[in-house]
Amino acid sequence: MENSIEKGKVAVIDIGSNSLRFVIFDRYGRYPYPLFNERITCRLGEGVQKTKKLKKERIQQSLETIKRFSKIIEKAELETVLAIGTAALRLAENAKDFIVPAEKYLSNKIRILSGTEEANLVALGLTANIPKANGIIADLGGGSLELVKIENGKRIDSVSLNFGHLIDIEEKNFKKIIKKLKWKNDSENQFFYGVGGSFRALGLVFKQKNKYPLNILHGLNISSKKANRILNKIIKLDGNVKGLPQSRKPTMSNAAKIMRTVIKATDSKKIIISGTSVREGLVLENISLKKLKHDPLISTCEEIAKHSERFEGLSSSLENFLLPMVSIGDEKELSRLLKASCLLADIAWNEHTSSRNIIAAEKILLLPTNSLTHRERAWLAKTLFHRYNRPIELVKFPFKFKSILSMEDKFTSLIFGLSLRFSMAACAGLPELLNDLKLELSDDHLKVVFLGNTKTLLVDHVYEKLNLLASYLGREMIIEI
């Protein structure tokens with residue numbers, strides 16, 4: 001039976017040691033899509049490791065924040081509220097001084113996660129977006145560090161350690177604890193997945209330093225050598241590093257020590273920054289297993305198509321018509337990307353014609369979802385740019401993705417974009433008309449068959465778009481009526 005949480009908006013309150021997060025999620029395919037997202041730094045867990053007590057002033061500040069969240073929940077008329085507490089509320093002997101009034105304000109229970117529960121939810125949030133993830137997940141918070149070992153998207157082992165960026169650590173002691181785990185990333189296919197604000201801050205510094213072309217942090221790939229150079233600098237300068245958010249600077253040196261130690265101890269060669277968190281895992285915990293097995297890229301594109309597609313059935317007709325085009329490269333991979341690009345084919349139809357190409361590309365590049373890798377974003381952005389390009393002589397793609405897309409990627413995205421451009425012009429976006437066209441691609445020709453009475457569709461501008469596609473493919477164009 002489908003859980004009611006799958007049908008409506010969901011409020012998630014994450015009471016962490018460093019900050020309180022409040023997110024209102026909508027259903028976006030099988031993924032939680034943020035309608036509202038607020039983070040307020042309260043440092044509820046400050047000093048709790050030593051004293052086992054929450055400070056009165058921190059409790060008060062956190063309760064004022066909860067009052068604000070409660071008011072928003074009331075006015076938004078949200079029925080489903082998932083409130084969780086992590087390390088600070090796990091460890092504090094006086095946790096009830098906060099929990100009791102907070103639950104009263106929220107009219108809702110606060111679920112205090114065990115370390116194991118927190119680790120498992122973090123893993124669920126990440127693997128739902130990276131289904132075949134291999135290696136080690138590290139979620140660094142203010143009061144704890146959750147580590148999860150995964151193989152092909154499945155949790156193998158997990159541990160929760162009472163080390164966080166709010167805590168002054170003895171590196172020697174911490175190194176001993178990490179070494180005892182004996183967890184290693186000893187394969188090229190194993191990665192270190194960094195979760196939490198401290199890892200995202202590392203990603204921001206890397207992006208600023210290397211002039212990285214994408215703004216999205218989720219999926220950012222950093223070599224351990226480059227990461228260590230940045231972490232060493234953060235420690236040396238006590239957080240006074242260009243690119244670091246101001247709110248992170250006071251505790252980033254501690255965070256860097258933890259991150260550096262874990263990366264080295266696990267022998268990790270590549271770090272992938274994750275934009276997911278325990279919050280996504282919490283919502284996904286209530287989603288049916290069947291939905292969780294869907295391809296995250298396709299699920300997201302299907303949801304976009306529901307709101308952008310002008311005529312029902314267009315994407316499937318486009319996919320069927322253009323299927324022969326996958327033979328220009330890796331057919332399995334290109335079949336998946338073809339499906340995604342067909343679902344997105346109408347993403348900018350209601351924008352001004354002079355700017356549709358740029359707007360379509362930017363929509364993909366800035367899409368607020370963790371379901372796309374950086375390569376998929378860049379490829380789809382380039383494809384949709386060329387799908388909407390107006391002149392016969394192509395406008396140059398304005399984004400520089402040399403570090404993300406291979407030469408083959410650039411070629412296939414151009415060809416798929418031109419293929420969509422021709423197809424949409426020919427059928428005017430109507431699947432019924434496209435169903436009467438057939439496309440064939442061989443080593444030496446590109447052939448389009450106009451069935452029945454569809455020869456009337458072949459006007460000059462449609463012919464020119466087909467001719468341009470054939471020329472970039474290096475094939476002879478054949479039209480059969």
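Predicted model: local features only at pLDDT ≥ 70, side-chain atom pairs only at ≥ 80, totals over all residues.
How many of the six residues of strand β1 (residues 10-15) are buried?

**View A. Strand β1 and its pairing with β4.** Six of the six residues of β1 are buried, so the strand is largely enclosed by the rest of the structure. The burial applies to both faces of β1: Val10, Val12 and Asp14 lie on one side, and Ala11, Ile13 and Ile15 lie on the other. Strands β1 and β4 run parallel and are joined by six bridges. Within this pairing, Ile13 stands opposite Ala83 of β4.

**View B. Helix α2 and its buried side.** Helix α2 covers residues 56-76. Its 21 residues, at 1.5 Å a residue, should span 30 Å, and its end C-alpha atoms are 30 Å apart, which agrees. The buried residues in α2 are Arg58, Ile59, Ser62, Leu63, Thr65, Ile66, Phe69, Ser70 and Ile73. These residues cover an arc of only 165° around the axis, which puts them on the same side of α2. The face turned away from that buried side carries Glu57 and Lys75, which are exposed.

View C. Most residues other than glycine have a negative phi. Glu77 is not a glycine, yet its phi is positive, about 55°. Glu77 follows α2 and sits in the loop between α2 and β4 (80-85). With 68% relative accessibility, Glu77 counts as exposed. Asp238, also not a glycine, has a positive phi of about 55°. Its place is the loop between α8 (224-236) and α9 (249-265). Asp238 is exposed, and its relative accessible area is 53%. The cut-off behind both assignments is a relative accessible area over 50%.

**View D. The six-strand sheet.** Six strands are arranged as an open sheet in the order β8-β7-β6-β9-β11-β10, with mixed pairing. Strands β8 (154-161) and β10 (221-223) are the edge strands, and each pairs on one side only. From one strand to the next, the twist averages 25°. Inside the sheet, β9 (residues 191-195) and β11 (residues 270-273) run parallel and are joined by three bridges. Tyr193 stands opposite Ile272 of β11.

**View E. Leu91 and its contacts.** Leu91 belongs to helix α3 (residues 87-91). When residues up to four places away in sequence are not counted, Leu91 touches Gln49, Lys52 and Asn162. Between Leu91 and Tyr193 there are 102 residues of separation in sequence and 26 Å in space, C-alpha to C-alpha.

View F. In soluble globular proteins, nonpolar side chains tend to be buried together. The largest nonpolar core in this model has 102 residues, and the members that touch the most others are Leu145, Leu147, Leu202, Met325, Ile347 and Leu446. Helix α17 supplies the largest share of this core, nine residues. A second, separate core has 27 residues, including Ala11, Ile66, Ala83 and Ile110. Around Leu147, leaving aside neighbours within four places in sequence, the contacts are Ile136, Ile137, Ala138, Asp157, Ser158, Val159, Leu161, Ile178, Leu181, Trp183 and Val262.

View G. Helix α13 (residues 314-322) is mostly covered, with seven of its nine residues buried. The buried residues are Leu314, Ser315, Ser317, Leu318, Glu319, Phe321 and Leu322.

**View H. The three-strand sheet.** Strands β12, β13 and β14 form an open sheet in the order β12-β13-β14, and the pairing is mixed. Its edge strands, β12 and β14 (476-480), each pair on one side only. On average, neighbouring strands of this sheet are turned by 15° against each other, direction ignored. Strand β13 (residues 445-450) runs parallel to β14, and five bridges join the two.

Key:
Residues numbered from 1 in each chain as written. Heavy atoms only, no water. Buried < 20%, exposed > 50% of the residue type's maximum accessible area, 1.4 Å probe, protein only. Helix = DSSP H or I, 4+ residues; strand = E, 2+ residues; numbered from the N terminus. Core = buried A, V, L, I, M, F, W, Y, C linked by side-chain atoms within 4.5 Å. Contact = heavy atoms within 4.5 Å. Pairing = 2+ DSSP bridges. Axes fitted to C-alpha atoms, helices over the stretch in contact; angles between N-to-C directions. Expected span 1.5 Å × (residues − 1). Arc of directions from axis to C-beta.
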